[in-house]
Amino acid sequence: MEFEIVNACIVTKDQWIPNGSIVVKDGIISSVNAGGPPPGKRIRLNVNGLYVYPGFINAHDHLLSTYLPRVAPSKPYLNWLPWDNDLKSSIVFSERQQLDPEQLYLLGSYKNLISGVTSVQDHIPHFVQDPFVETMPVRILDKYALSHSICSYSLNWGEGPKEEYAKALKQNIPYITRIAEGFDSESRDSLKVLNKLGCLGEHTVLIHGVVLSESDIALIAEKKAHLVWCPEANLFLYERTTDIRDLLKHKVNVSLGTDSSICGSLNLLEEIRAARKFYQSEYGEDLSPKTLFEMVTSNPAKAFRIEKQLGSIEEGKIADLVVLTRNSEDPYSNLCQSDLNSIRLVLRDGVPVYGDVSLESFFEESGAAVERIRIDNADKYLVASPGKLLESLVISLGYKKDLAFFPAQKEFDNFE
């Protein structure tokens, strides 16, 4: 399939092209141009000056924990373990257990997709996610080495930090682990322990970092490791988050993640707004919208070592694209102001997977397998069978449950 997007405001890391065009062929961006596209007979989509962004990357989620409401009866928590114990003994967890893994993975995929996310780092052992990597509508980043965390009460994920880090170096993939997530001594010392093990370097992606010290942050910068910031979940569970200003001052490569719906934000757009609001409240200054844009595009692409394929709109890269309503003359500020209603079109691998019903002819010409459904009271096309998923949830739970991260309603929905 070959098509061209014309009359687009194309948003890149360093600039934006106010009247540009993008040609996509077989899922790859074949050209990016100022003005009209190169000659050729192709399907044409005129976006009438709307912003076109790279597909967003959610740098930390737990797709199996895509459920609501959020659980934290005893917050703030000492670390993740007592929260996990509260979660496992909650009614919400018991209810969620009535759904099978495929239903939860689909909910997590749709939660991300309808907010412009085309790629997700699902923090879970490979054997859990492997059955779903090829079948989910969102891209699940599956090339990584993993430890759950660095403490005596860590879950037994992977073969151990040294072994997993060695695997990351050998295969040139990221080594991902939660770090400094709590107020106990083990959490506070976890980065130093990781460094002593020889597992802190350019391949290391650290999650959370709630109690990182100034010297910890300096060490992360020195070792050129990466960090994923989840402010909404951190503040909800611990009433504290990492010193993001110091991390940015030290030029640490920071990405943004939602964490799970059971403790984090509803979607990545909400996380962007929460991050900016926290920064303004905590430091009395604004967090650059351009920096936030980078935290969901080029920064995670660099951290997960996929920058040659994703994270920006460039010739030769995968055609993951998001078209947003234009509410601001600055595209980075526009992203920070966006919500679910701002999403006009999402393409993954050059195929439309979500978008306005006004784009019906484009969906038809592309041959995309989509279904008409209402999302947040707007008629949309969405890939695969979201209506079937909604019906299956009713059957599994015995009643219809509204989930704010996926505010979907099947047309002529009369099942209860």
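Biologist: Where does V52 lie?

Modeller: V52 is in strand 5, residues 51-54. Helices (H or I, at least four residues) and strands (E, at least two) are DSSP runs, numbered from the N terminus. This is a predicted model, in which local features need pLDDT of at least 70 and side-chain atom pairs count only at pLDDT 80 or more, while totals for chains, interfaces and linings use all residues. Residues are numbered from 1 along each chain as its sequence is written, and side-chain values use heavy atoms, with hydrogens and water left out.

Biologist: Is V52 buried or exposed?

Modeller: Buried means under 20% relative accessible area, exposed over 50%, and partly exposed in between (1.4 Å probe, protein chains only). V52 has a relative accessible area of 0%, so V52 is buried.

Biologist: Which residues is V52 in contact with, leaving aside its neighbours within four places in sequence?

Modeller: Contact means heavy atoms within 4.5 Å. V52 touches I5, A8, C9, I10, V11, I22, V47, I313, L321, V322 and V323.

Biologist: Next, aromatic pairs. How many are there?

Modeller: Rings of Phe, Tyr and Trp (its six-membered ring) pair if their centres lie within 6.5 Å. Planes under 30 degrees apart count as stacked, over 60 as edge-to-face and the rest as tilted. By this rule there are 15 aromatic pairs. One of them joins Y110 and F406: the ring centres are 5.2 Å apart and the planes are at 15°, so the pair is stacked.

Biologist: Which parts does the pair of Y110 and F406 tie together?

Modeller: Y110 lies in helix 3 (residues 101-113). F406 lies in the loop between helix 15 (386-397) and strand 19 (408-409). The pair therefore ties together parts that are 296 residues apart in sequence. Y110 is buried, with a relative accessible area of 1%. F406 is buried too, at 3%.

Biologist: What does a tilted pair look like here?

Modeller: Take F363 and Y381: 5.2 Å centre to centre, with 50° between the planes. F363 is in helix 14 (residues 360-366) and Y381 in strand 18 (residues 378-383), 18 residues apart. Both are buried. Rings also group: W16, Y51, Y53, F56, F293 and Y332 form one aromatic cluster.

Biologist: What lies over the face of F236?

Modeller: A charge sits over a ring if NZ of Lys or CZ of Arg is within 6 Å of the ring centre and within 35 degrees of the ring normal. Over F236 the residue is R70, at 3.9 Å from the ring centre.

Biologist: Now salt bridges. How many does the structure hold?

Modeller: Side chains of opposite charge can pair when their charged atoms come close. A salt bridge is a side-chain nitrogen of Lys or Arg within 4 Å of a carboxyl oxygen of Asp or Glu. The structure holds 24. Among them is R42 with E2, the closest N and O atoms being 2.9 Å apart. R42 sits in the loop between strand 3 (28-34) and strand 4 (43-46), and E2 in strand 1 (residues 2-11), 40 residues apart. R42 is buried at 17% relative accessible area, whereas E2 is partly exposed at 29%. E2, E4, R42 and R44 are linked in a network of salt bridges.

Biologist: How are K88 and D84 separated in helix 1?

Modeller: K88 and D84 are four residues apart in helix 1 (residues 80-88), so about one helical turn separates them. Their side chains meet in a salt bridge, 3.0 Å from N to O.

Biologist: Last, the domains. What does the assignment give?

Modeller: Domain bounds come from an automatic or database domain assignment. Here it gives domain 1 (2-55 + 311-385) and domain 2 (57-304). Their centres, taken over C-alpha atoms, are 28 Å apart. In contact are 30 residues of domain 1 and 26 residues of domain 2.

Biologist: How much area do domain 1 and domain 2 bury between them?

Modeller: Buried area is the accessible area (1.4 Å probe) that two parts lose on being put together, summed over both. Domain 1 and domain 2 bury about 2400 Å², 68% of it on carbon and sulfur atoms. In domain 1, K13, C336 and R348 lose the most area to domain 2, together 26% of what that side buries. Between the two domains the count is two salt bridges.
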